[in-house]
Amino acid sequence: MVMKIPFVDLKSQYEQLKPQINTRIDRVLEHGAYVMGPEIAELECQLSDYCNVRHAITCSSGTDALLLGLMAHDVGPGDAVFTTPFTFFATAEAIALLGATPIFVDIDSRTFNIDPKRLEEAIQRIKHSGELRPRGILPVNLFGLPANYDQIGPLAKEHALFVLEDAAQSFGAQYGNQSSCSLGDISTTSFFPAKPLGCYGDGGAVFTDDDTLAEKILSMRIHGMGQDKYDNVRVGLNARMDSIQAAVLLAKLEIFDDELKKRRHLAGVYDQCLMDLVETPFTPSGMSSSWAQFSVLSDHREIMIEALAEQGIPVQVYYRTPCHLSKAFGYLGYKPGDLPITEDVSSRIFSLPMHPYLDDGIATRIRSILEGVLHRVSRT
Ligand SMILES: *Cc1c(COP(=O)(O)O)cnc(C)c1O
């Protein structure tokens with residue numbers, strides 16, 4: 001029998017944190033403030049310290065965080081928002097849900113993030129066509145690696161666009177001396193269980209240094225409230241985080257930096273061990289990833305996945321279908337071949353197990369399996 005290892009090991013993490021998590025959850029059960037309890041303010045204070053941003057506003061999910069961020073900028077029909085097609089569907093979905101149009105821009109082949117050069121071309125193209133109002137840029141820090149904000153920022157300024165950083169996968173990442181979640185006018189993250197910092201259900205947060213935007217986001221999180229939730233000054237959402245989820249996150253934040261170190265260590269071990277067998281991730285200097293995923297490229301992806309699965313090593317493909325070719329966005333009229341880098345990467349990429357509770361030995365096991373695959377394909 002082969003020993004199956006989990007892709008993400010939330011059980012080992014719980015074993016380690018059981019007393020802290022249980023105590024925190026019990027406290028919520030006792031005080032009874034299940035919605036907007038004291039854990040919410042405590043967590044928001046810690047999150048804003050951690051990311052060095054004035055305002056951290058917790059909410060119900062990473063998707064709702066994106067909606068709140070876009071709504072704070074009054075995004076709506078007729079607006080163009082530039083984003084990457086190589087992301088989880090929610091990024092572009094939030095734009096479309098508000099009636100705006102996602103403009104998909106091809107990615108950099110090494111970082112898998114939006115390509116600033118092509119972004120500039122896309123902005124010019126939309127400006128000249130005059131059909132849509134260019135409003136903002138929504139870069140994603142894919143797999144935990146920040147996008148190129150040094151180039152995105154000046155472009156945004158030049159064309160009077162907002163920058164909304166989708167940091168759903170990159171909580172804990174660094175860009176120079178700045179933290180992820182501080183790289184946009186507004187930044188958003190997700191605390192879905194499988195993300196680098198996850199709760200026990202859905203959760204998210206919105207970050208901004210801008211007091212006016214923060215006030216608007218706080219209002220929209222609770223039905224567009226004014227003085228209180230029965231004084232409705234705008235149309236908003238019900239997008240609060242549960243107190244119990246905040247309790248879980250407060251316990252997990254205490255060991256988060258240690259977990260991040262372990263992820264970075266495993267990424268280094270994987271890289272050393274596998275770089276001659278597959279294309280391993282590229283990290284530009286001055287950045288450090290939060291390693292939500294360790295994703296590699298190979299022309300032999302499908303047989304590699306099969307061989308790994310046979311030996312109990314689970315692998316995921318993020319993302320087989322890029323957003324611009326999804327059925328849901330068929331109405332936008334993109335065709336295969338429109339965004340060639342994204343399409344090439346999505347045909348060759350796969351992600352290896354990555355979590356802080358994984359032994360280094362996994363890398364040599366994977367190495368010998370992949371060597372076997374390459375040996376077989378070289379003979380045929
Ligand atoms: C997970 C994710 C989201 C959505 O977060 P949820 O909490 O699942 O709603 C948005 N964008 C990206 C890039 C993600 O990975």
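Does glutamate 44 count as buried or exposed? Before I answer, please bear in mind that this is a predicted model. Glutamate 44 has a relative accessibility of 14%, and because the limit for a buried residue is under 20%, it counts as buried.

Let me place this residue. Glutamate 44 belongs to helix H2, which covers residues 38-51. Its side chain reaches the backbone nitrogen of threonine 58 at a distance of 2.7 Å. Leaving aside residues up to four places away in sequence, glutamate 44 touches Ala56, Ile57, Thr58 and Arg221.

The model contains an open sheet of seven strands with mixed pairing, and the strand order is S1-S9-S8-S5-S4-S2-S3. Strand S1, residues 55-59, and strand S3, residues 101-104, stand at the edges; each has a single partner strand, so one side of each is left without a neighbour in the sheet. From one strand to the next, the twist averages 25°.

What joins strand S2 to S3? Four bridges do, and the two strands, of which S2 spans residues 79-83, run parallel. In one of the pairings, alanine 80 has threonine 101 of S3 as its bridge partner.

Two helices that lie across strands of this sheet deserve mention. Helix H3, residues 62-72, lies across S1, strand S4 (133-138), strand S5 (162-166), strand S8 (186-190) and strand S9 (204-208). The angle between H3 and S8 is about 165°. Helix H5, residues 116-129, lies across S2, S3 and S4, and runs at about 165° to S2.

Finally, I come to the ligand. How many residues surround the ligand, and which are the closest? There are 15, and the closest are Gly62, Thr63, Gln169, Ser190 and Lys195.

In the side chain of aspartate 166, an N or O atom is 2.8 Å from a nitrogen atom of the ligand. For glutamine 169, a polar side-chain atom lies 2.8 Å from an oxygen atom of the ligand. In the case of lysine 195, an N or O atom of the side chain is 2.6 Å from a ligand oxygen atom. The ligand taken alone exposes 380 Å², of which the protein buries 93%.

Thank you for your attention; I welcome your comments.

Methods:
Residues are numbered from 1 along each chain as its sequence is written. This is a predicted model: local features need pLDDT of at least 70, side-chain atom pairs count only at pLDDT 80 or more; totals for chains, interfaces and linings use all residues. Side-chain values use heavy atoms; hydrogens and water are left out. Two strands pair if DSSP finds at least two bridges between them. Axes are lines fitted to C-alpha atoms, for helices over the stretch in contact, and angles run from 0 to 180 degrees between N-to-C directions. Contact means heavy atoms within 4.5 Å. A residue is near a molecule or strand if one of its heavy atoms lies within 4 Å of it. A polar contact is a pair of N or O atoms within 3.5 Å; within protein, one must be able to donate a hydrogen and the other to accept it, and residues adjacent in sequence count only if both atoms are side-chain atoms. Accessible areas come from the Shrake-Rupley method with a 1.4 Å probe; for residues, only the protein chains shown count as cover. Buried means under 20% relative accessible area, exposed over 50%, partly exposed in between (1.4 Å probe, protein chains only).
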